[in-house]
Amino acid sequence: VEVLSILRLLSIFCDALIRPVPGISTSDRDGQILQRTKRGWMWNSFFLLEEWTGTGKQYVGKLHSDMDKEDGSVKYVLTGDGAGTVFEIDENSGDMHATRRLDREEKALYTLSAKAVNKTSGQDLEKASEFIIKIHDINDNEPKFAKDTYMAGVSEMSNVGAFVIRVTATDADDEAYGNSAKLVYSILQGQPYFSVEPETGVIRTALPNMIRENREHYQVVIQAKDMAGQMGGLSGTTTVNITLLDVNNSPPRFPHSTYHLSTPESAGIGSPVGRIKAYDADVGENAEMWYSILDGDGQDMFNIITDSTSQEGVITVKKQLDYESKRLYSLRVQVTNTHIDRRFEQLGPFSDTAIVRITITDVDEPPVFSRALYIFEVDEDTPAGSSVGTVSARDPDTINHLVKYTIDRHTDLERLFNIDSNNGTISTLQGLDRETSKWHNISVLATELSKVPVFIKVRDVNDNAPEFAMYYETFVCENVKAGQLIQTISAVDTDEPLVGHKFVFSLSTINPNFTVFDNEDNTARILTRRGSFNRREMSSYLLPVVISDNDYPIQSSTSTLTVRVCACDSRGNVQTCSTEALLLSAGLSTGALVAILLCILILLMIVVLFAALRHQKKKEPLIISKEDVRDNVVSYNDEGGGEEDTQAFDIGTLRNPEVIDTNKLRRDIMPEMLFPFRRTSPIKDNTDVRDFINGRLHENDSDPTAPPYDSLATYAYEGNGSLAESLSSLESAATEGDQEFEYLSHWGPQFKKLADMYIGQESQRET
């Protein structure tokens, strides 16, 4: 608090030095004398701490004018940034407060204006004066790096202090105030391989001659801490993934000193004999190698080339080989790096050598005759069986191998000669005549006795189409919804493809009721495309499904799926299916079903005809018995007995239990008075009686079995004590004051007498 007070005083002092104070007598450039006037405002505070944690509102300062005599006539008005929202002023005392916690990083200063106004006249006592409220920074923001993770690389074998990467953090606090934004970098993870400069955040190598082949990747954690790294400061961290970049510091090496290869003597020129490979711990172009033959007895027979992709040495045949001439060759092969880094020549030599021994294997060659052609002479008329000459052939593979001889009969169609298959001696089969033919050109074949087993396998051809794996009994519920699964199908194929079966399911045509969804695992789902099936309209549906395979040539087949419509409960369990489907499954044909339906129809027609004949013979009387509840009234000449009359029906159910059953008057005698006392119903709205009568009327109107003659049904709830009261004209008079009879005079002359009678009686009664 003391430090803040000192800062505030310094601020006021500096402000006074900078701003010219009115009232000091000075001369302007024109030589005029300026008169000093007394300063009217007094400023007590210009600074506030951000993120203030005190209770209540934070006090800013007090505005006071010399014009204020403290008699309550002066009102202070505050305008500008945050006036009325962030800052408020007591219009009587001039005290200013901050209404909420302030954040310097959100807004560092506020420019406001204040003036004093006379409350009565509203005139300004002091002109509006502008001032600035600055927000003092506190260390409430931790340093933040631009990235959470950095990627960097440095060459292996680098010297200590080699530059790797620079990481930078920022702090939102005020750099010009204290050490809140002064950052210091340190390394939390990555020693002793790397270090970081505290002021700049530059990461450098800390160990010499780090080898990538030993360890390639490093993870370094860098911390940035404010308050110049002092205790209590805030910090932030970032991760730097550093990779050692390869240099050519590893020579190629053969894993073996001697390699053994073999090749048949029949190998053609340029054909490969084998491959050898040296290994280099480097990568990329630093691992590229070149192979060569230094010396050896096979240097003229073989060559070596370098496979640039696999970095292998491929040995090839340079000249034709002969197993019988030489069966073993030796080569000395060298491998060398293509790109050599002169900085690491002391780690060499960057080459290596190995011995390659190549064995020549024997190949079964055909026999070779001792001469290219044979010429024999024989006298004509030589008897059959005479020797002509001997041919000789040898097997180059083995010396003692037995050779068999035969004559090519295509060159000896007349079969004039024969040959001994073992020793090659040619003899005559017939006598020869020189005059007929001087020369006989024949061919002799020399073959080896050898055999080899032959196994013949019949390869499969895609000549079968896929089909359903089983018979599916599919049903769909009547209350099914669109998109619901009703069946999962699969297929089988008797063929055996090399890769495996892959079936494709589809519909031959677009179906409005169902669709097929291929699961791409040799199964498919049958889904509904709509809901609300009706088995009375259609008891079953035929769904043709096309199944295709993926072999060549592609085979496909169409299998029909029968979908029955069934009644199901709310859980989808089948209850009953259509009768037609059941009958068809029992083996009944369509013709049999039609015959059964015709028989049933004929029987129904006979029953209806018989009932109509009986109805014509016996006509129903108007009233069958006294117990007839239809209440068909044929003659109505009295009012009836009311509730006491139980001849027609029992009307006791219409009685109101609240009505006291007393003072019953008989309906079969003349009443003693013309207008007897009529009991007033305690309940005006007899809803139970009205509903009963309306219900009975509706039943008779809508009854199709009602007789065709006109009938009058009366449901009058009459009698003493009835809530519905009497409907008779004899008791239609109301009690005193219940009814007025003025309307009778308007009904015409025929009602004049009746009007005079009732109106006169009403007048006497009123008198």
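Start by selecting Arg-275: its relative accessible area is 45%, so the residue counts as partly exposed (buried is under 20%, exposed over 50%, partly exposed in between, with a 1.4 Å probe and protein chains only). The model is predicted, so local features were kept only at pLDDT of at least 70 and side-chain atom pairs only at pLDDT 80 or more, while totals for chains, interfaces and linings use all residues. Residues are numbered from 1 along each chain as its sequence is written, and side-chain values rest on heavy atoms, without hydrogens and water.

**Stop 1: salt bridges at Arg-275**

A salt bridge joins Glu-312 to Arg-275, with 2.8 Å between the closest N and O atoms (the criterion is a Lys or Arg side-chain nitrogen within 4 Å of an Asp or Glu carboxyl oxygen). Glu-312 belongs to strand 22 (residues 312-317) and Arg-275 to strand 19, so this pair links distant parts of the chain, 37 residues apart (strands are DSSP runs of E with at least two residues, helices runs of H or I with at least four, both numbered from the N terminus).

Now select Asp-307. The side chain of Asp-307 also meets that of Arg-275 in a salt bridge, at 3.1 Å from N to O. Because Asp-307 lies in strand 21 (residues 302-307) and Arg-275 in strand 19 (residues 272-276), the pair ties together parts that are 32 residues apart in sequence. Asp-307 has 22% relative accessibility and therefore counts as partly exposed.

**Stop 2: other salt bridges**

How many salt bridges does a search of the whole structure find? The search finds 14. One of them is between Asp-124 and Lys-115, whose side chains meet at 3.7 Å from N to O. Asp-124 is partly exposed at 48% relative accessibility, and Lys-115 is partly exposed with a relative accessible area of 27%.

**Stop 3**

Zoom in on the pairing of strand 14 with strand 15 (residues 202-205), which is antiparallel over three bridges. Which residue of strand 15 stands opposite Val-196? Ile-203 does.

Phe-194 is the next selection, together with Tyr-193 and Tyr-218: these residues form one aromatic cluster.

**Stop 4: aromatic pairs**

The structure holds 13 aromatic pairs (Phe, Tyr and Trp rings, the six-membered one for Trp, with centres within 6.5 Å; planes under 30 degrees apart are stacked, over 60 edge-to-face and the rest tilted). Select Phe-369 and Tyr-405: their ring centres are 6.5 Å apart and their planes stand at 45°, so this pair is tilted. With Phe-369 in strand 25 (residues 368-369) and Tyr-405 in strand 28 (residues 403-407), the pair ties together parts that are 36 residues apart in sequence. Is Tyr-405 buried or exposed? Tyr-405 is buried, at a relative accessible area of 5%, whereas Phe-369 is partly exposed at 27%.

Move to Tyr-374 and Phe-376. Here the ring centres lie 6.0 Å apart and the planes make 5°, so the pair is stacked. Tyr-374 is partly exposed, with a relative accessible area of 21%, and Phe-376 is partly exposed at 30%.

**Stop 5**

Strand 36 runs antiparallel to strand 37 (residues 523-528), and five bridges pair them. Select Asp-518 and look across to strand 37, where Ala-524 is the bridge partner.

**Stop 6: helix 3**

End at Val-594, which is found in helix 3 (residues 590-617). Val-594 is partly exposed, at 44% relative accessibility.

How values were computed. Two strands pair if DSSP finds at least two bridges between them.
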